[in-house]
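Here are a few friendly notes to read alongside the model.

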Amino acid sequence: MRKLKHSAAWIFASLLTLLAGPVLMAASETLQGAESWQTASRDSANIAPRPEQYEGAIVQVYGARAWSWRGYFSVHTWIATKEAGASQYRVHEVTGWRRYVVNSRPSLPDRRWYGAEPTLYADIRGEQAAALIPQIYQAVEDYPYPTEYAAWPGPNSNTFTAWVIRQVQGLEVALPNHAIGKDYLGNGVVAEVPGGAGYQFSLGGYFGVLAGVREGLELNVFGLSLGINPLALGIKLPGIGELALRNPNPMATVESEQVADQGSGSDTGSDGGQGLLE
């Protein structure tokens, strides 16, 4: 009986630890936005440089809190690209409100996700970005779940972003631990981490472990991940995300940032803005 009580207490403490972050996010006023997706902001957050202010190629990876209660648990991620000399960006993402879930179209790269402010995870420019863009286009076309969508544990928008990153040689970007769905490997159980140097083991996205140079160490239980990131000097908490002092992902050089500072926020492109999205 004592062992049974001890086991029950351990399970309860573990569940409490996993759910503490999402509960805290639910209680926080920072996630309270528009009452409906029709009125939620889809404006630029003024992060990306305008095409006329940076002529070179750009690849950026973004994430923002998912819509409604899902935002207590997870973020929605996407990839934005701009070819050298192009007058507009293309945004590549998955949305769950239509039959063909892959969406790749001209749009604002740093658009608010139905009221949620986007976070820039990675920013690659110049010749390196130019070499990555054709591979990104091909990976988007080859995505293996173009008509499948499940908010939990996947495949979803984060599954798509992680899959594209894995397929593109040289695009090594660690996604945050609260990008639920990034660990969904379909019929596979072992894969390289999106950050490049490291591997992960995952059972359908429900349980798994991950170890990578950029990602650090993560334990996934029912899609909720926690861990540490020595490279970023941070800890990872379910729902809350990574609390770190450094960004382990590639970012624009000082010269590129100075160009962007002359004026940021692209104003080209549109996606129609509708649907019960992540």
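1. Please keep in mind that this is a predicted model. The top contributor is β7, with three residues.

2. The patch itself covers about 1,000 Å² of surface. Its members are Trp152, Val189, Val190, Tyr199, Phe201, Leu203, Tyr206, Phe207, Val209, Leu219 and Phe222. One of them, Phe207, is part of strand β8. Phe207 counts as partly exposed because its relative accessibility is 36%, which falls between the 20% and 50% limits.

3. Now for the sheet around these strands. Seven strands make up an open, antiparallel sheet, ordered β6-β7-β8-β9-β10-β11-β12. The edge positions go to β6 (190-192) and β12 (241-244); each has a single partner strand, so one side of each lacks a neighbour in the sheet. On average, neighbouring strands here are turned by 15° against each other, ignoring direction.

4. At the β12 edge, it is worth looking at the pairing with β11 (residues 234-237): the two strands run antiparallel and are joined by four bridges. Within this pairing, Lys236 has Glu242 of β12 as its bridge partner.

5. Finally, do look at Arg42, in the loop between α1 (2-27) and β1 (58-65). Is Arg42 buried or exposed? Its relative accessibility is 12%, so Arg42 counts as buried. The Arg42 side chain also comes to 2.6 Å from the backbone oxygen of Arg112.

Definitions and conventions
Residues numbered from 1 in each chain as written. Predicted model: local features only at pLDDT ≥ 70, side-chain atom pairs only at ≥ 80, totals over all residues. Heavy atoms only, no water. Patch = residues over 30% accessible without salt bridge, like charges linked within 9 Å, V, L, I, M, F, W, Y side chains within 5 Å. Areas by Shrake-Rupley, 256 points an atom, 1.4 Å probe, with all protein chains shown as cover. Salt bridge = Lys/Arg side-chain N within 4 Å of Asp/Glu carboxyl O. Buried < 20%, exposed > 50% of the residue type's maximum accessible area, 1.4 Å probe, protein only. Polar contact = N/O pair within 3.5 Å; in protein donor to acceptor, adjacent residues only side chain to side chain. Pairing = 2+ DSSP bridges. Axes fitted to C-alpha atoms, helices over the stretch in contact; angles between N-to-C directions.
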